Amino acid sequence: MEKEGLGLEITELRLGLPGRDVAEKMMKKRAFTEMIMTSSGSNSDQCESGVVSSGGDVEKVNDSPAAKSQVVGWPPVCSYRRKNSCKDASTTKVGLGYVKVSMDGVPYLRKMDLGSSQGYDDLAFALDKLFGIRGIGVALKDGDNCEYVTIYEDKDGDWMLAGDVPWGMFIESCKRLRIMKRSDATGFGLQPRGVDE
Amino acid sequence: MNYFPDEVVEHVFDFVTSHKDRNAISLVCKSWYKIERYSRQKVFIGNCYATNPERLLRRFPCLKSLTLKGKPHFADFNLVPHEWGGFVQPWIEALARSRVGLEELRLKRMVVTDESLELLSRSFVNFKSLVLVSCEGFTTDGLASIAANCRHLRDLDLQENEIDDHRGQWLSCFPDTCTTLVTLNFACLEGETNLVALERLVARSPNLKSLKLNRAVPLDALARLMSCAPQMVDLGVGSYENDPDSESYLKLQAAIKKCTSLRSLSGFLEAAPHCLSAFHPICHNLTSLNLSYAAEIHGSHLIKLIQHCKKLQRLWILDSIGDKGLEVVASTCKELQELRVFPSDLVGGGNTAVTEEGLVAISAGCPKLHSILYFCQQMTNAALVTVAKNCPNFIRFRLCILEPNKPDHVTSQPLDEGFGAIVKACKNLRRLSLSGLLTDQVFLYIGMYANQLEMLSIAFAGDTDKGMLYVLNGCKKMKKLEIRDSPFGDTALLADVSKYETMRSLWMSSCEVTLSGCKRLAEKAPWLNVEIINETDNNRMEENGHEGRQKVDKLYLYRTVVGTRMDAPPFVWIL
């Protein structure tokens with residue numbers, strides 16, 4: 001396998017191509033390597049606005065040629081596919097943005113942005129709004145006195161009762177939320193309360 | 001010349017269905033031209049700017065089915081600005097005015113608006129089939145019009161479009177009387193789906209054969225949908241995350257077992273791998289499997305599934321399957337005809353897991369293979385020579401070595417000989433994409449041997465104009481040539497202007513062609529539209545004293561019978 005990450009494979013092209021005038025070749029060809037070297041410079045052919053031009057994605061290039069940079073439109077994977085492969089990473093990535101919220105008895109799966117809530121109170125309000133049902137949020141504040149429990153799946157795949165850990169810790173580890181009827185919750189296999197802080 | 005009455009000739013023509021053949025028939029004589037044009041129902045227009053709706057309708061007044069393609073292929077890779085063109089609105093307006101009995105519309109890389117969809121839905125009483133591929137510009141409101149107004153809708157097939165999802169109730173817009181659906185594909189929709197409306201729609205569509213769900217359809221809904229549509233042939237699973245101990249999962253397993261007609265499986269847009277085994281019972285029937293969006297499924301689970309798929313003809317997968325996984329494919333899928341291996345890591349962490357070994361294994365194990373798209377980390381000439389020997393039947397061969405200009409990793413030589421072997425052996429090759437370190441030599445081989453080649457994609461290849469000239473002079477059947485970041489300039493561009501009349505289009509970006517070269521070409525060939533796409537500053541090109549010698553960013557030229565298009569945005573300069 002090639003050495004990765006140091007860009008040394010770029011220099012490999014200069015070595016050991018038998019019978020070729022490599023320097024001349026590099027000048028004539030608008031090679032990938034050239035684009036990395038020159039696009040951070042002030043070549044007038046390059047576009048200044050950062051939009052696609054003669055082959056260099058200016059925004060992404062670092063000054064050092066050793067940094068691996070990206071050329072627009074390469075590899076030739078269509079933009080729909082690119083978006084969808086990145087999306088997979090971000091929706092399951094813990095702590096960032098949207099988590100899925102399901103509620104027992106509701107045929108819709110919803111997504112919400114944890115990052116937009118400031119704390120459990122906010123979350124309570126947001127959940128109520130999400131499903132148009134009052135009383136979900138109450139569970140977060142009032143523990144034992146309501147019809148629903150809000151649970152979440154954490155980084156380790158365990159289901160925990162929401163509201164026990166500090167908010168910051170919660171949004172870091174929450175992968176998804178589920179609003180369950182209290183009657184179904186017993187025997188579900190929730191992890192015990194009381195996390196050491 | 002005609003020994004038979006027109007009706008008989010027309011009846012004979014009914015058996016001729018391919019566009020190429022019908023076009024050929026129409027050239028035989030005036031009488032056949034006339035009969036053919038009145039009897040033609042399906043028309044294919046590969047470049048929407050090559051002609052216009054008025055000419056289309058004048059020639060084919062009995063049109064029922066239209067296929068239109070808009071933007072050039074490289075638009076898929078963000079090389080063409082969004083506002084470039086390819087608007088379907090004028091076409092739909094003209095078709096609506098003419099009262100032609102349109103039943104099918106198939107669009108690729110076009111700009112479609114809600115207004116267009118609404119007009120479409122209201123103008124054609126017998127409209128049956130809408131297929132949109134890689135289109136953009138519309139929302140779910142447009143889909144609602146189609147659902148509500150097309151009484152006999154059979155197909156609504158949305159493939160990889162950019163659709164603004166207003167989370168409305170488009171699915172509920174299908175009236176209760178709509179029972180004719182055969183294809184429903186909304187996998188590319190981002191937002192929530194009204195599951196109740198969806199289930200009711202599926203339940204009242206006994207002819208539904210192809211159903212492709214989006215991410216918002218959870219597992220329990222999938223189980224219910226499959227239970228009420230056991231006749232399903234083609235299924236796109238949406239979200240596939242579940243708890244293997246749950247009741248939903250059990251229901252799903254039961255439903256899957258009943259789907260004995262299932263032949264094609266795709267989707268798994270969000271997937272929990274350990275539950276793929278639910279599908280094992282029907283794998284032996286599958287002919288098509290697309291797991292290329294299932295990034296979360298690791299190689300080992302993919303392999304376990306594939307081991308059951310002995311009848312597979314088409315496989316789209318991620319490179320996370322690895323060379324070892326491809327060896328399993330090679331030993332299991334003896335009927336394989338088409339393989340696509342996509343990169344799972346686009347950012348370039350170097351984790352790509354397939355090499356030339358996987359490709360060689362496939363070529364050795366799958367004698368019926370004729371189409372391949374293969375993204376890989378590295379390649380050798382020796383491997384390509386072996387592949388050519390094993391599979392002389394390639395029609396489409398697209399190899400993408402992720403790092404541009406990468407030579408044979410064993411010998412450090414360019415890959416000219418390897419690709420040369422492919423074009424020499426594969427006498428039916430129609431489409432070819434090159435990558436890796438390549439000199440003019442590979443183009444010499446292509447010009448010499450690739451007699452049937454219609455589409456060629458070149459990136460970071462070649463040394464001099466000779467390379468491009470070999471191709472233009474040698475490939476008599478060339479239709480679409482697209483080149484980026486290669487040192488071809490005016491000499492090659494201008495050598496044989498009449499060549500472009502036999503081709504659909506030529507794309508050149510980040511090459512060595514200059515503005516004066518393009519201007520000369522436009523002068524010599526008034527039947528071509530020569531477009532310069534210059535997003536930076538169009539005026540700069542004119543003001544600059546060295547204007548003529550200024551290199552052109554992006555050049556797109558295509559033959560046309562209707563001259564300059566009127567809908568070009570300011571950054572497109574048509575010479």
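Guide: In chain A of this predicted model, 46% of the contacts between residues at least 6 apart in sequence join residues at least 24 apart. Chain A has 197 residues, of which 43% count as buried. Its secondary structure consists of 8 helices and 5 strands. Read from the N terminus, the order is α-α-α-α-β-β-α-α-β-β-α-β-α.

Those figures for chain A should be read beside its confidence. The average pLDDT of the chain is 61, and 43% of the residues score at least 70. In residues 1-31 of chain A the pLDDT is below 50, although the model gives this stretch 60 contacts beyond near neighbours in sequence. The pLDDT is also below 50 over residues 88-96 of chain A, a stretch with 19 such contacts.

The buried residues of α12(B) are B:G322, B:D323, B:G325, B:L326, B:V328, B:V329, B:A330 and B:T332. Residues three or four places apart in an α-helix point the same way, because there are 3.6 residues a turn. The cover over the buried residues of α12(B) includes both helices and strands of chain B. Among the helices are α11 (299-306) and α13 (356-365). The strands include β13 (314-318), β14 (338-342) and β15 (371-376).

Further along chain B is a helix pair. The axes of α14 (residues 381-390) and α15 (residues 416-425) of chain B come within 7 Å and cross at roughly 5°. An angle under 35 degrees counts as roughly parallel, so α14(B) is roughly parallel to α15(B). From α14(B), the residues in this contact are B:N381, B:L384, B:V385, B:V387 and B:A388. They meet B:D416, B:E417, B:G418, B:F419, B:A421, B:I422 and B:A425 of α15(B). By type, the residues of the contact of α14(B) with α15(B) are 8 nonpolar, 2 polar and 2 charged.

There is also a record for chain B. An unreviewed UniProt entry lists residues 4-45 of chain B as "domain: F-box". In the model, residues 4-45 of chain B are 60% helix and 10% strand, and the C-alpha atoms at the ends of the span lie 31 Å apart.

How values were computed:
Residues numbered from 1 in each chain as written. Chains lettered and ligands numbered in written order. Predicted model: local features only at pLDDT ≥ 70, side-chain atom pairs only at ≥ 80, totals over all residues. Heavy atoms only, no water. pLDDT = per-residue confidence, 0-100. Contact = heavy atoms within 4.5 Å. UniProt positions renumbered as here; feature names shortened; annotations may be inferred. Helix = DSSP H or I, 4+ residues; strand = E, 2+ residues; numbered from the N terminus. Axes fitted to C-alpha atoms, helices over the stretch in contact; angles between N-to-C directions. Parallel < 35°, antiparallel > 145°, perpendicular 65-115°, else oblique. Nonpolar A, V, L, I, M, F, W, Y, C, P; charged D, E, K, R; others polar. Buried < 20%, exposed > 50% of the residue type's maximum accessible area, 1.4 Å probe, protein only.
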